[in-house]
Amino acid sequence: MILCCFALFCLLAGAWKRVPVYDRFVEGAREGIQTAVRILPALLVMLSCIKAMEESGLTAALCGFLQPLTDKMGVPEDLVPLMVLRPLSGSASLAMLKEVMETHGPDSRIALLAGAMMGSSETVFYTLSVYLASAGVKKGRHILPCALTACLAGYVGAFLFCP
Amino acid sequence: MLQVLTGGMLGGALLFALVTGRGEAVFSGLLAGAQGAVETAVGLMGSFGIFCGLMNILSASGAVEWLNKRLKKPLKKLLGDVREEALSYVTLNLSANMLGLGNAATPAGLEAAKRLADGERASNALCMFLVINASSVQLLPSTVVALRTAMGAQNPGAVILPGLLSTCLSTLTGILMCKWMEKKA
């Protein structure tokens with residue numbers, strides 16, 4: 001429903017501003033396809049490692065180890081890897097999101113939660129290091145704590161706002 | 001960081017498999033993961049294609065400029081006393097970010113960061129800008145929606161509203177905390 005309205009809105013905006021809709025659509029689609037290809041190698045490595053960990057039994061062992069802790073915090077243990085990896089790497093967290101969707105089904109509440117967490121946060125460490133390095137700044141002061149707290153607030157928000 | 005992570009994950013898996021005698025399974029797991037990644041990427045090609053296509057129509061219709069105008073005043077208040085030029089790069093970066101146009105956002109953001117930096121110590125304005133930037137203000141989480149579509153969700157758009165609310169909460173928290181730390185310093 002929202003997506004349908006969004007697509008219609010894009011078309012109407014394009015028509016209203018007399019944008020060559022077909023050309024822009026094709027141009028954007030090309031970019032989108034390139035993005036998918038660009039992230040494939042990193043995604044491939046990440047997903048392979050995750051699957052290898054599962055097959056070796058290491059994942060189950062780690063989960064058993066972490067379970068008392070996650071139970072105490074009330075966080076589903078399948079979400080923990082995603083929450084930890086999200087600020088570190090886009091492709092690793094995308095791989096985790098896919099894993100959650102695969103194990104619980106893409107329409108489950110936990111997949112929705114994972115999606116909202118993913119969508120509400122950014123690869124904090126990567127983004128900050130790129131920007132600070134290019135600006136030649138060595139002392140980041142309170143940037144990192146604030147950005148990480150914001151990320152955490154996004155996670156809390158996902159729990160609050162997912163039906 | 002990623003080197004350690006990958007090394008730890010894969011090395012740990014291989015060692016654990018050798019100890020528990022699951023060497024064969026672990027390698028087929030590796031291959032299965034790779035195959036899954038290729039299948040996901042093919043699915044993503046389709047849904048990314050549609051989303052980026054639609055977004056491109058929107059940005060060609062002047063969506064970035066429209067957002068730019070509306071963001072300027074509130075940002076001026078948040079960042080305090082900054083030059084007009086720096087402010088325009090900040091708004092350009094954040095508007096492009098909100099629409100999920102990463103290609104347009106990054107160069108503008110780098111320019112903004114350069115202009116806001118005050119020597120080797122981050123200025124208050126730079127802190128605020130980067131906190132807002134790193135707390136993600138995407139209006140449409142297109143990657144998540146695309147993945148949900150590629151995985152065959154009944155309602156891929158269900159994530160949009162909770163995602164939007166949580167990203168607002170996240171950005172708001174970041175801004176408030178940044179202001180608080182600014183005053184404390």
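This is a predicted model: local features need pLDDT of at least 70, side-chain atom pairs count only at pLDDT 80 or more; totals for chains, interfaces and linings use all residues.
Trainee: Which secondary structure elements does chain B contain, helices or strands, and in what order?
Mentor: Chain B has 8 helices and 0 strands.

Trainee: Is chain B a compact globule or more spread out than one?
Mentor: For 185 residues, the globule rule gives 16 Å. The C-alpha atoms of chain B fill a box of roughly 65 × 40 × 25 Å along the principal axes.

Trainee: What percentage of the residues of chain B count as buried?
Mentor: A residue is buried if 20 or more other C-beta atoms lie within 10 Å of its own. Of the 185 residues of chain B, the share that counts as buried is 52%.

Trainee: How many residues of chain A are in contact with chain B?
Mentor: Contact here requires C-beta atoms within 7 Å. On the chain B side, 85 residues take part. On the chain A side, the number is 82.

Trainee: Which element gives the largest share of the side of chain A that touches chain B?
Mentor: Several elements of chain A give two or more residues to this side, among them α1 (2–16), α2 (21–56) and α8 (143–161). The largest share is 26 residues, and it comes from α2(A).

Trainee: How many residues on that side of chain A are nonpolar?
Mentor: The residues of the side of chain A that touches chain B include 20 polar and 13 charged. The nonpolar residues number 49.

Terms used: Residues are numbered from 1 along each chain as its sequence is written. Chains are lettered from A and ligands numbered from 1 in the order in which they are written. Two residues are in contact if their C-beta atoms, placed from the backbone, lie within 7 Å. Helices (H or I, at least four residues) and strands (E, at least two) are DSSP runs, numbered from the N terminus. Ala, Val, Leu, Ile, Met, Phe, Trp, Tyr, Cys and Pro count as nonpolar, Asp, Glu, Lys and Arg as charged, and the others, Gly among them, as polar. The radius of gyration is taken over C-alpha atoms; the globule rule is 2.2 Å times the number of residues to the power 0.38. A residue is buried if 20 or more other C-beta atoms lie within 10 Å of its own, exposed if 12 or fewer, and partly exposed in between; C-beta atoms are placed from the backbone.
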